[in-house]
Amino acid sequence: MASQDGLTPPLLRVDGLSVAYGPNEVVRDVGFELGRGKSLALIGESGSGKSTIARAVLRLLPPQGRATGKIAFRGQEVLSLPERRFRPLRGKAIGFVPQDPGNALNPVRTIGAQAEEAAALLDERDPRIRRALILDTFAQVGLDNPQRVYDSYPHQLSGGMLQRVLIGLAVLPRPALLVADEPTSALDVTIQKRILDLLSRLRQDLDISLLLITHDLAIAAERTDAILVLKGGEVQEAGPTAAVFAAPASAYARKLHADVPALNPDRYAVLRDPGFARLKTAAPKIEVAGVTKTFAVDGRSLTAVDNVSFAVPAGTTHALVGESGSGKTTTIRLLLGLDQPDTGGITVAGAKLEGRAPTSLREAWRHLQLVYQNPFTSLDPTWKVESLIREPLDRFRIGTPRERADRVREALANVGLGEHLLSRKPSALSGGQRQRVAIARALVLKPDVIVLDEPTSALDVSVQADIVGVLLDLQATLGLTYVFVSHDLALVRQLAHSVSVMHRGRIVEHGPVDEIFDRPREAYTRTLLDAIPAGLSSRPTARTVTRIAAEELA
Amino acid sequence: MQGAYLNYAAKRLLQAVVVVLLTYVFTFVVVSILPGDPVTNVLRDPQNGFTEAEIAQIVAAQGLDKPIPVQLWNSLSGFLTGDLGVSLRSSRPVSDMIAEVLPSTLRLAGAAIAVALVLAMAIAYGARFLPHRYGGAALRALPSLFLSVPSFVIGLLLIHIFGFQLGLFMVIDPDSFWATFFAAVALGIPISAQIAEVLMANLDHEASQDYADVARARGLRQSRLFFRHLLKPSSLPVVTVIALMVGEVLGNTLITETVFGRTGVGSLIQRSVVTQDLPVLQAIVSLAALVFVVINLIADLIYPLLDPRVKLVGAAPRRVTTADELSGKVSA
């Protein structure tokens with residue numbers, strides 16, 4: 001990671017950087033170097049300080065944040081520069097690609113108006129040429145119809161397209177350094193691959209250095225020259241990617257590596273109930289037959305779920321996979337009875353679900369519970385853990401107060417939480433603890449079926465390991481039937497027994513998970529599987545990073 | 001969008017008409033069932049010196065001897081055709097009396113809202129960007145102070161300082177430029193406080209959004225960030241607030257006009273209440289309702305045009321934030 005010739009300073013050099021919010025030090029004594037045209041990944045889980053470091057480099061820390069130490073850009077110390085002298089570097093020399101594209105553009109101004117701000121950083125006086133450069137850049141980042149994108153408002157584009165726009169705006173003024181803060185964590189896995197390919201290609205074409213912030217070790221390994229592993233604001237390990245990835249020296253880096261499903265094909269599979277035989281023998285717990293649901297949008301009708309059928313034998317896990325908009329969410333809403341299908345039938349535990357009055361649906365819900373993807377929004381922050389878990393028992397008037405309290409404790413023990421948490425509120429719990437509480441709440445009614453809607457997608461990878469362990473353990477001991485919705489195919493492969501691949505409202509392929517994933521018949525399934533970042537083995541070389549195909553637009 | 005908007009506009013217009021008509025009927029009924037008979041009380045007032053025969057003649061001419069529903073019908077159809085009846089005191093057409101005082105009040109109210117807007121914007125901008133040592137943070141306390149001082153106190157202070165001490169305007173000439181200006185300031189200050197509160201809260205919210213940081217990372221300076229990015233999304237809710245504020249402006253005009261000795265709708269109301277001149281009161285209350293409804297209608301009609309995210313569903317606008325939400329599917 002030393003500078004190329006020892007004479008010219010590296011493009012970016014960080015030395016003894018510490019960042020504190022009041023008395024709270026969130027980054028401690030971090031140092032690294034990034035050479036011209038090189039790439040470096042800052043990797044760590046939430047709270048590791050990786051985004052804070054990125055913001056310190058851009059000097060975009062919130063007002064109460066104080067950075068000390070040294071950050072040298074092209075040999076010039078930037079932390080001590082007055083804002084007036086640092087501002088010209090922003091955009092023009094240091095570009096920024098944010099995490100959540102859906103929130104990174106002003107919602108009430110057109111994309112074009114915001115692109116003009118980036119174009120204004122070029123030394124081009126003619127507005128027509130500036131405009132042409134913008135449209136050129138949009139085409140370069142793989143946007144099909146640049147003029148239309150220019151005239152659109154952000155809400156009219158999909159997340160993948162917005163991230164292309166943002167990358168385009170960041171590279172338009174030809175910066176020397178691009179800081180990308182989890183640029184793909186809000187996107188589908190196939191779109192993630194295309195965006196990462198795009199970043200790799202632009203980096204080579206335009207000779208831009210990349211500081212990539214990510215929580216995904218596989219992505220870091222696939223895309224960068226060097227890695228810096230962070231935990232709790234401190235560097236755990238640093239070095240060339242190949243070395244860190246192949247033989248992590250620190251315990252934390254080893255654990256990080258071991259918990260990524262894509263890198264460890266057997267990490268969770270050994271915990272799965274070996275109930276594949278049930279796929280053929282057991283009676284189906286859930287039967288969905290020929291279900292169709294159409295919504296009216298702007299006068300047009302949109303078939304969200306099109307003739308979908310699947311059956312889940314008792315005690316097994318069925319996974320629904322596919323990209324956003326493929327109909328996964330509508331399917332589980334129909335399964336839960338939250339929406340009524342237009343045609344088709346749904347049977348859960350022998351009871352028909354469709355066409356029921358809301359009152360008799362309540363009966364079905366005793367056997368059918370949901371664990372929502374984001375435990376940070378699914379638990380009422382003003383309630384105590386005990387009330388949260390007891391609520392379903394109160395609603396269904398089950399047992400005496402004493403029995404209810406016992407069942408709450410039992411459910412809590414089932415998910416491996418101590419009773420001392422009963423009087424806490426969600427804000428005093430970690431993400432993993434919250435999701436355990438959500439699972440306990442689903443368990444307390446002793447249901448047969450639990451619908452898991454991306455139960456780990458909002459959580460860190462080590463917490464995910466934890467939650468997956470709890471879920472598999474519960475299935476083995478209680479014989480639960482799961483419907484598992486996910487876009488993480490590496491996790492599905494280890495967790496599910498059978499799988500349905502959804503695309504544009506249809507099930508394009510279904511069957512036992514090994515069969516489908518080892519020998520996919522459909523091109524779409526192959527695309528999904530290819531998009532899983534696999535670390536060093538799938539590292540793109542200069543030659544394979546060719547112009548990407550235009551994003552498939554539905 | 002086009003068809004949906006016309007559909008929405010038609011529904012909102014219909015709702016507005018219904019509200020105005022109901023207000024008219026409501027005021028009429030309330031006045032009719034009040035104990036005592038204000039009409040005959042007024043006419044029998046010895047100061048007026050009407051004979052019984054004359055009173056009977058006036059009552060017959062105004063249709064006051066007819067049953068209440070018939071009176072309501074006559075009065076309502078008159079209101080709809082622009083005939084607001086005749087004052088019991090001066091026997092002049094009510095519409096003439098209102099037309100006389102309306103321009104002065106409209107000038108005052110319009111100036112007050114303009115003052116309020118400028119002041120609110122200055123407070124919000126200062127609170128956001130003025131460095132601490134120039135009192136940036138202290139500005140945040142200003143709206144609460146403005147709200148806790150009644151506008152007539154502010155009015156009296158302004159008259160004392162700028163009228164008597166500095167001699168900028170003559171109290172006996174209330175329609176001069178400076179007199180109108182300071183009346184508008186007195187009226188506008190409490191209004192500005194409420195707008196500033198909303199604006200500051202929204203600015204804080206918008207400034208904490210990712211797009212504000214991303215725009216700064218694009219090299220934008222603070223003033224550009226404020227005017228090009230933050231101001232528009234933050235002021236959208238202000239449109240609604242101003243529309244709701246119109247009722248308060250109308251109410252406070254009454255006090256401000258009295259304090260500054262102006263002739264206006266406020267003083268007309270005051271006179272009519274004291275003299276129990278019912279046709280005038282009925283007309284003013286109905287017109288006030290009309291103004292309130294029309295302003296709110298305008299606010300509702302322009303809101304969807306200002307905010308591209310608003311999607312019209314029936315008579316209610318709804319905000320969408322992503323393309324996926326708009327179509328349930330990734331759209332091109």
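## The second largest cavity

Strand β6 (94-97) and helix α6 (159-171) of chain A, together with helix α9 of chain B, each supply at least two residues of the lining of the second largest cavity. Helices (H or I, at least four residues) and strands (E, at least two) are DSSP runs, numbered from the N terminus. The model is predicted, so local features need pLDDT of at least 70 and side-chain atom pairs count only at pLDDT 80 or more, while totals for chains, interfaces and linings use all residues. Residues are numbered from 1 along each chain as its sequence is written, chains are lettered from A and ligands numbered from 1 in the order in which they are written, and side-chain values use heavy atoms, with hydrogens and water left out.

The volume of this second largest cavity is about 90 Å³. A cavity is a set of points, on a 1 Å grid over the protein atoms alone, where a 1.4 Å probe fits but cannot get out, and lining residues have an atom within 4 Å of a point. A volume is the space filled by probe spheres set on the points, which are joined across faces, edges and corners. α6(A) gives the largest share of the lining, 3 residues. Among the lining residues are F96(A), L166(A), V214(B) and R218(B). By type, the lining has 7 nonpolar, 2 polar and 1 charged. Here Ala, Val, Leu, Ile, Met, Phe, Trp, Tyr, Cys and Pro count as nonpolar, Asp, Glu, Lys and Arg as charged, and the others, Gly among them, as polar. The count of cavities of 30 Å³ or more comes to 6.

## The second largest pocket

The second largest pocket holds about 1000 Å³ of space. A pocket is an open set of grid points with protein on both sides within 12 Å along at least five of seven lines. Its lining has 25 residues, and L61(A), P62(A), P63(A), R216(B) and Q222(B) lie nearest its centre. These 25 residues divide into 13 nonpolar, 3 polar and 9 charged. Elements that each supply at least two lining residues include α1 (50-58) and β4 (65-73) of chain A and α10 (222-259) of chain B.

## Salt bridges

Over all chains the structure holds 37 salt bridges. A salt bridge is a side-chain nitrogen of Lys or Arg within 4 Å of a carboxyl oxygen of Asp or Glu. R216(B) is linked with R59(A), E83(A) and R90(A) in a network of salt bridges.

K255(A) pairs with D259(A) at 2.7 Å, N to O. Both residues lie in helix α10 (residues 251-259) of chain A, 4 residues apart, about one turn of the helix. K255(A) is partly exposed at 43% relative accessible area, and D259(A) is buried at 2%. Buried means under 20% relative accessible area, exposed over 50%, and partly exposed in between (1.4 Å probe, protein chains only).

In chain B, R12(B) and D300(B) form a salt bridge at 2.4 Å, N to O. R12(B) lies in helix α1 (residues 2-33) and D300(B) in helix α12 (residues 278-306), so the pair ties together parts that are 288 residues apart in sequence. R12(B) is buried at 14% relative accessibility, whereas D300(B) is partly exposed at 25%.
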